[in-house]
Amino acid sequence: MKIFVTVKQVPDTTGKVAVNPDGTLNRASMAAITNPDDMNAVEAALTLKEKYGCKVVAISMGPPMAKTMLREVLAMGADEAVLISAREFGGSDTYATSQTIAAAIDHYGLDSEDIIISGRQAIDGDTAQVGPQIAEKLGLPQVSYAGEITMDEPGRLTVRRMLEDGYMTIRVQTPCLITCIKELNNPRYMTVLGTEECWDKPLTVYDYETLKDHPLIDPSTIGLKGSPTNVYKSFTPPQKGAGVMLAGDGREAAAELARIFSEKHVI
Amino acid sequence: MAVNYNSEDIASFRNVWVFCEQREGRMMPTTFELISEGRKLADELGCELAGILLGDDVDGIAAEIGGYGADKVYVYNSPLLGTYTTDAYTKVICDAVEEFRPEVMLFGASNIGRDLAPRCAARLHTGLCADCTHLDIDLQGYLDFLRSGSSLDVDGMNFESRQFDVNTTLKMTRPAFGGHLMATIVCPRFRPAMASVRPGVMARRPFDQAGADGIEVLHPGFSLNRDDIRTEVVEVVKAARKLVDLIGADYIVSVGRGIASDVERGIALAQELAQELGGVVGASRAVTDAGWLSADHQVGQTGKTVHPKVYIALGISGAIQHKAGMQDSECVIAVNKNEGAPIFEGADYGIVGDLFKYVPLLIEEIRKAKAAK
């Protein structure tokens with residue numbers, strides 16, 4: 001049994017974000033972090049590893065700098081890491097990304113008791129599409145929005161799949177893919193020992209050469225050219241000006257607002 | 001995949017489809033928003049609008065979408081479709097798409113829609129744009145949208161493309177990078193162009209009984225076996241507590257980090273003010289992350305998008321992620337200690353000051369004003 005965890009290095013959109021004059025994002029101005037939901041995925045994998053003694057393989061697609069993030073995931077306790085990185089894979093939308101990650105997982109070797117765990121969505125695109133699309137490309141069952149994962153026995157999981165107004169309890173056989181939400185767990189920190197050991201753990205780069213003969217990899221299904229969707233335009237929302245500032249925070253300002261509510265038939 | 005099915009043969013696809021999500025035999029309200037929006041797209045394309053409804057014995061809820069503009073509804077009934085499973089729904093929908101070939105397909109971006117739509121797009125080899133907040137077919141309508149909804153110099157830009165017909169291709173707009181940026185996505189080479197649409201964003205048309213009476217209900221044949229479904233739904237549990245309905249609310253009083261000095265009192269004040277207005281309580285992500293209020297209260301990019309008549313932000317700084325969820329409110333009132341807080345940009349009325357002092361006074365004054373009426 002192995003667990004693959006998909007992780008993505010993303011710009012920290014919760015901090016200060018600079019936009020270039022042409023409406024594109026100034027990525028250089030932003031800190032690169034591990035996508036928050038993916039940290040929950042790593043934690044879920046490590047929790048299962050502690051209980052069942054399986055191997056955890058972190059897998060990412062991105063530029064060479066994503067190795068830094070993978071070292072951190074190794075320092076948290078993952079056993080191996082794979083970075084899919086090649087110019088040919090650049091510019092991929094969710095379809096082409098999942099196609100490529102699916103090929104990499106298959107190339108590594110997916111066995112009958114294996115599990116793939118992904119974060120629900122990444123904070124740069126917020127699509128939540130890559131997990132389910134990897135599952136489809138590998139022909140696996142999926143359970144998304146996992147709020148609780150229990151292994152009943154090797155090869156069978158019970159997952160609490162969250163809905164807006166409750167949850168479903170779902171049983172699924174391995175191999176399968178699960179996407180998890182932040183409420184699933186609290187990701188651990190790296191340990192001092194972990195940060196030392198992570199340098200001895202294998203971090204393999206899959207480039208185009210590694211994957212080019214895989215049936216899923218074809219110029220028409222990968223990278224910018226293989227992406228069904230394209231960005232037509234990007235822009236920033238218009239900045240609204242400030243409205244009326246009421247004077248102070250005392251009774252007068254309260255009466256003023258109550259009067260406005262009354263005029264506008266709010267009350 | 002059916003023989004002869006080719007998602008690149010875009011001329012062979014026609015009509016707009018909406019996935020009509022039902023749970024426990026009741027239509028999800030977002031479906032009506034999607035049908036209303038789908039009607040606009042179908043009119044611009046000059047084609048039919050159809051719903052596709054999957055469930056167990058759901059004919060009784062099929063016709064209602066006609067009242068919001070659907071011409072047809074394809075109904076697939078089976079005991080295996082009563083409760084949502086990824087495998088069953090993906091199979092039936094993909095088989096139907098291959099048979100009838102719609103050129104545009106919309107899903108609600110619910111927890112179920114966002115499980116189903118990517119799976120279908122991957123199987124059908126086509127593009128999907130997630131969590132859209134605006135859709136256009138006609139270029140002119142898109143340009144008008146950009147004039148009011150963007151900071152672009154629309155008249156000085158080129159919108160033509162050599163790759164596709166800009167006037168008949170679906171343009172799907174959505175926030176990205178936590179709402180810092182808006183992106184318009186196209187799917188020029190494959191069909192159907194698929195979009196999941198954020199609940200609460202598209203306006204619902206007035207219900208028209210004649211439309212509901214006149215809708216054509218179809219029951220195409222399909223194949224689905226128990227073996228097609230690899231997951232087993234053991235139980236479906238409703239939340240014990242009634243969840244707050246932010247999306248349907250006319251008045252929302254939201255609290256942010258500014259209540260930190262006295263969380264209990266801050267929430268109590270917000271509830272009291274909301275009750276006075278006949279509204280509900282929302283929250284910023286800081287508040288739900290801290291566990292002060294449950295996640296269903298969260299407004300923003302990763303929470304809910306709301307457009308109430310009045311949105312009162314108490315102690316919310318106004319990070320762009322929060323604004324992405326409330327900037328289309330008709331009237332925004334911000335109370336914040338920090339006069340430089342971004343929430344004041346875009347607020348209709350601002351109060352610089354202490355919410356713990358101001359809100360009790362406001363509640364008193366509202367009661368007085370009501371009594372005087």
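**Entry 1: a residue pair across the chains.** I started at A:Val231, which stands opposite B:Ile185 in β10(B). I'm working from a predicted model here. Then I looked up the strands around that pair. Strand β12 of chain A, residues 230-235, pairs with β10(B) in the antiparallel sense, and I get 5 bridges for the pairing.

**Entry 2: the contact between the chains.** Next I wanted the whole A/B contact. How many residues of chain B are in contact with chain A? The tally is 72 residues of chain B against 71 residues of chain A. I checked which elements of chain B supply at least two residues each to that side; among them are the helices α2 (86-100) and α3 (113-124), and the strands β9 (171-176), β10 (181-186) and β13 (231-238). α9(B) gives the most, with 9 residues. I also sorted the chain B side by residue class and got 36 nonpolar, 16 polar and 20 charged.

**Entry 3: chain B by itself.** Chain B has 9 helices and 18 strands. Its radius of gyration is 23 Å, close to the 21 Å from the globule rule for 373 residues, so I put chain B down as being as compact as a globular protein of that length. Along the principal axes, the C-alpha atoms of chain B fill a box of roughly 70 × 55 × 40 Å.

**Entry 4: burial and contacts.** Last, I looked inside chain B. Buried residues make up 55% of its 373 residues. I took the contacts in chain B with a separation of 6 or more, and 69% of them come from residues 24 or more positions apart.

Conventions: Residues numbered from 1 in each chain as written. Chains lettered and ligands numbered in written order. Predicted model: local features only at pLDDT ≥ 70, side-chain atom pairs only at ≥ 80, totals over all residues. Contact = placed C-beta atoms within 7 Å. Helix = DSSP H or I, 4+ residues; strand = E, 2+ residues; numbered from the N terminus. Nonpolar A, V, L, I, M, F, W, Y, C, P; charged D, E, K, R; others polar. Pairing = 2+ DSSP bridges. Rg over C-alpha atoms; globule rule 2.2 N^0.38 Å. Buried ≥ 20, exposed ≤ 12 C-beta atoms within 10 Å, placed from the backbone.
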